[in-house]
Amino acid sequence: MDYQTRQQHIRTALQEQNLGALLVTHLPNIRYLSGFTGSAGALLLSPQRTLFFTDGRYTTQARDEVQGAQIVISKKGPLPAVAEFLTNQAKHAKTTERIGFEAEYVTTAIFSQLLKALPKKVRLRPSPPLLGKARMVKDRDEISLVRAAALAGSKLFDTILKVICPGMAELDVAAELEYAASKAGAEAMSFPTIIAAGKRSALPHGRASRQPVPRSGFVVCDFGVILAGYCSDMTRTVFMGRVPQAARDVYSAVREAQLAAIASVQPGRTVGEVDQAARKLLQQRKLGRYFIHSTGHGVGLEIHEPPRIAAGQKEILRPGMVITIEPGVYIPGKWGVRIEDMVLVTESGGEVLTPASKELIAV
Ligand code: ZN
Ligand code: ZN
């Protein structure tokens, strides 16, 4: 991983923001900048150097993982250690130092703790989401990891097709899927697996429950794995039993909407246009009012990252972005369908990273 280039990129942004340094506390951002995968750490990035603070539990792990940063192990924990370092530094400084912090992730409790520990010469300033912005466009190493995660996730759809049958609890389907994921080398699932069968398929976030899979009806399966830190995310919807024409129609409308959104992916376009492509198709099929969420989201070290692929969003698609495209139709009390792929924005369009079939499969 090219941590130096990533750090350099943030340094340039710091200058533009007129900040003397950036205090990074969000763990995925720390991982992105240094490789550290543990659960306690803080990174201080200044124009001259990068310091990584952690506690004694992570001495060995930090030495193994952290690259491009000087490691500071402190008994007091990462943030008090950062405060101590900045206090010492301020003693020798003639001017006040503006330290940016990740406003999205720092709680008021932590903020006041820091404020109390720091001398007047050190000013804390909320920083815009510099890392969120940088992480939107994946570098070469990341693209190959995202690709591998998407592929590993996609293979698990076969497991669902193999095990699912009427009467089986949704939770048991999820358990089989997660066991297969684990056996295939996944570190964890990206999020709690969604298996929503029958009427529950109309719940866009129907986590697997004790409810048995019915003899007839849709089953929405939304799942993902984490591989080398990178998340996959996909949804397939299958039908139990003989498929009535109405189910066929709603499924093909969602699939066409999904394909239209994928076809609209083009560097230079806004993410709002991608959302619009899916929405327009479902409106034409008189299903627009049942599409009650946004079309997708960025995905990488975290399952939900910028950009949001939603109505009116102005973020411009750039090569290297990895987004999901997941339109759905949910008819309360009846059924729901969602189809989701991961899509890489390329120089010339969008490349689907999720190879699993999108034909309507009757089980
Ligand atoms: Zn999903
Ligand atoms: Zn998703």
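A salt bridge is here a side-chain nitrogen of Lys or Arg within 4 Å of a carboxyl oxygen of Asp or Glu, and the side chains of Glu305 and Lys138 meet in such a pair, with N and O 2.8 Å apart. The structure is a predicted model, in which local features need pLDDT of at least 70 and side-chain atom pairs count only at pLDDT 80 or more, while totals for chains, interfaces and linings use all residues. Residues are numbered from 1 along each chain as its sequence is written, and side-chain values use heavy atoms, with hydrogens and water left out. Helices (H or I, at least four residues) and strands (E, at least two) are DSSP runs, numbered from the N terminus.

**Salt bridges**

- By the rule given above, the count comes to 17 salt bridges.
- Arg6 forms a salt bridge with Asp139, the closest N and O atoms being 2.9 Å apart; because Arg6 lies in helix α1 (residues 3-16) and Asp139 in the loop between α6 (130-136) and α7, the pair ties together parts that are 133 residues apart in sequence.
- Arg6 has 5% relative accessibility and therefore counts as buried, whereas Asp139, at 23%, counts as partly exposed (buried means under 20% relative accessible area, exposed over 50%, and partly exposed in between, with a 1.4 Å probe and protein chains only).
- Glu302 and Arg135 meet through their side chains in a salt bridge of 3.0 Å, N to O, and this pair links distant parts of the chain, with Glu302 in the loop between β13 (296-298) and β14 (305-309) and Arg135 in helix α6, 167 residues apart.
- Glu302 is partly exposed, with a relative accessible area of 21%, while Arg135 is buried, with a relative accessible area of 5%.
- In the pair of Glu305 and Lys138, 2.8 Å from N to O, Glu305 lies in strand β14 and Lys138 in the loop between α6 and α7, so the two tie together parts that are 167 residues apart in sequence.
- Both Glu305 and Lys138 are buried, and salt bridges that share partners join Arg135, Lys138, Glu302 and Glu305 into one network.

**Helix packing**

- Helix α7 (residues 140-163) and helix α8 (residues 170-183) pack at an angle of about 140°, with their axes 9 Å apart (axes are lines fitted to C-alpha atoms, for helices over the stretch in contact, and angles run from 0 to 180 degrees between N-to-C directions).
- The helices α7 and α8 are therefore oblique to each other, given that angles under 35 degrees count as roughly parallel, over 145 as roughly antiparallel, 65 to 115 as roughly perpendicular and the rest as oblique.
- Leu156, Thr159, Ile160 and Val163 in α7 meet Val173, Glu176, Leu177, Ala180 and Ala181 in α8, where contact means heavy atoms within 4.5 Å.
- Helix α4 (residues 78-92) and helix α5 (residues 108-117) pack at an angle of about 30°, with their axes 9 Å apart, and are therefore roughly parallel to each other.
- On the α4 side Leu79, Ala83 and Thr87 take part, and they meet Ile110, Leu114 and Ala117 in α5.

**Leu161**

- Leu161 lies in helix α7 and is partly exposed, with a relative accessible area of 28%.
- Leaving aside its neighbours within four places in sequence, Leu161 is in contact with Val238, Ile361 and Val363.
- The C-alpha atoms of Leu161 and Pro78, which are 83 residues apart along the chain, are separated by 47 Å.

How values were computed:
Chains lettered and ligands numbered in written order.
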